Amino acid sequence: MQNKIQAAITGVGGYVPEYRLTNKELEALVETNDEWIRSRTGVEERRILKGEGKGTSDLGAPAVVELLTKRGIDPMEIDCLICCTVTPDMTFPATANIICDKIGAKNAFSFDLGAACSGFLYGVTMGASLIESGRYKKVVVVGADKMSSIIDYSDRTTCILFGDGAGAVLLEQSHEEGYGVLDSLLKSDGSGAKYLHMKAGGSVKPATMETVAAKEHYVYQEGQAVFKSAVTGMANASYELITRNNLKGEDIAWLVPHQANKRIIDATANRMGISSDKVMLNIQRYGNTTSGTIPLCLWEWENQLKKGDNIVLAAFGGGFTWGATLLKWAYDPK
Ligand code: UT7
């Protein structure tokens, strides 16, 4: 019998725009202060994509280009590109199509995947399945969000949290058995929609003068309700995933959590028995970039990863969607 094909991440890229929106600057926009934001969320600054006509594809495309350049891969070799986002350039066509056009990936089929903050986890799982099917050799998963396009900068409960950014990974067949994307535990529960959503602009409530005046095209979040579900959802999924793979906290080299709130991240690490030096944390510099957080962490930490590291990716977000993915890292940094 032929061995099962295993998918592995074989390259990482990332991109954050230059402009830094600091807590100090937000103090001038809304009734808040640096101390509250740092202690309640962990965020110190976030990046914002400035410029007329710039969208999420302008974050995703450079992340993919960096990944391909590092690996010396021609864009024409990509079979499929999945863009995980809640801030597409436009409702249609898919931002993935636009990214492929911008980078010259003319042989790829491409589509967007909407699972909010868990988008990248869902994308990696879907991409890995395409590789495992044996039909596709190179699948790119990009998590990209221009959250500043859907944030109300007069709402202090949300504007302090979010930022813009993108990260991308390449999935290919693993060269060695037992390395790569080993397991995923993904969940969703649409009853959580009431706590985190955008009120207008969809088919239920298309855009009108009234919806714009009522500020219904921005992120609406009931923070405490989301916080409570996130703490249990992310921690339980991560714990269950490692337990069913006969692993303990001490076996995990890195926890790569979605960066929504440092307190949620700490709770997840505690539940898993993982010490803080093994937790990737960049929320202080980028805030919550939704689909971008996890691949941006992998991008920044890539040089510290070693072949054979057990890595857990974990997320919770809008939907609700949540889950965790277990990787055995498949390559050493160059
Ligand atoms: O990635 C998508 C998933 N999203 C999440 O995981 C986010 C989950 N939620 C959270 O991270 C937190 O709930 C928030 C950071 C959004 C809020 O933190 P909290 O500790 O839950 O604050 P709270 O809503 O309970 O508010 C506590 C107090 C309130 O004042 P009173 O009523 O106690 O007087 C708020 O009005 O803090 C006040 N407050 C602020 N104060 C200064 C709320 N926002 C701010 C602010 N600056 N920006």
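**Around the ligand: a short tour**

Let's start with helix H7. H7 gives the most to the shell around the ligand, with 4 residues. Keep in mind that this is a predicted model.

How many residues surround the ligand? There are 21. The closest are Thr 32, Arg 40, Gln 224, Asn 261 and Asn 288. By type, the shell divides into 9 nonpolar, 8 polar and 4 charged residues.

Now the place itself. The ligand sits in the largest pocket. And why does the ligand lie between two domains? Because domain 1 and domain 2 both give residues to the shell. Domain 1 covers 7–173. Domain 2 comes in two pieces, 180–282 and 296–328.

Take Arg 40 to begin with. An N or O atom in its side chain is 2.8 Å from an oxygen atom of the ligand. Then Arg 263. Here a polar side-chain atom lies 3.0 Å from a ligand oxygen. Then Asn 288. Its side chain has an N or O atom 2.7 Å from an oxygen atom of the ligand. As for cover, the ligand taken alone exposes 950 Å². The protein buries 73% of that.

Pro 93 sits in the loop between strand E4, at 80–84, and helix H4, at 95–103.

Another cis bond runs from Gly 319 to Phe 320. Its omega is near -5°. Phe 320 is in the loop that joins strand E12, at 310–317, to strand E13, at 321–328.

One last stop: Ala 116. This residue is not a glycine, yet it has a positive phi of about 50°. Where is Ala 116 found? In the loop between strand E5, at 109–113, and helix H5, at 119–132.

To recap: the ligand lies between domain 1 and domain 2, and it sits in the largest pocket. Thanks, everyone.

Note on methods: Residues are numbered from 1 along each chain as its sequence is written. This is a predicted model: local features need pLDDT of at least 70, side-chain atom pairs count only at pLDDT 80 or more; totals for chains, interfaces and linings use all residues. Side-chain values use heavy atoms; hydrogens and water are left out. A residue is near a molecule or strand if one of its heavy atoms lies within 4 Å of it. A polar contact is a pair of N or O atoms within 3.5 Å; within protein, one must be able to donate a hydrogen and the other to accept it, and residues adjacent in sequence count only if both atoms are side-chain atoms. Accessible areas come from the Shrake-Rupley method with a 1.4 Å probe; for residues, only the protein chains shown count as cover. On a 1 Å grid over the protein atoms alone, a cavity is a set of points where a 1.4 Å probe fits but cannot get out, and a pocket is an open set with protein on both sides within 12 Å along at least five of seven lines; lining residues have an atom within 4 Å of a point. A molecule sits in a cavity or pocket if more than half of its atoms lie within 2 Å of its grid points. Helices (H or I, at least four residues) and strands (E, at least two) are DSSP runs, numbered from the N terminus. Ala, Val, Leu, Ile, Met, Phe, Trp, Tyr, Cys and Pro count as nonpolar, Asp, Glu, Lys and Arg as charged, and the others, Gly among them, as polar. Domain bounds come from an automatic or database domain assignment.
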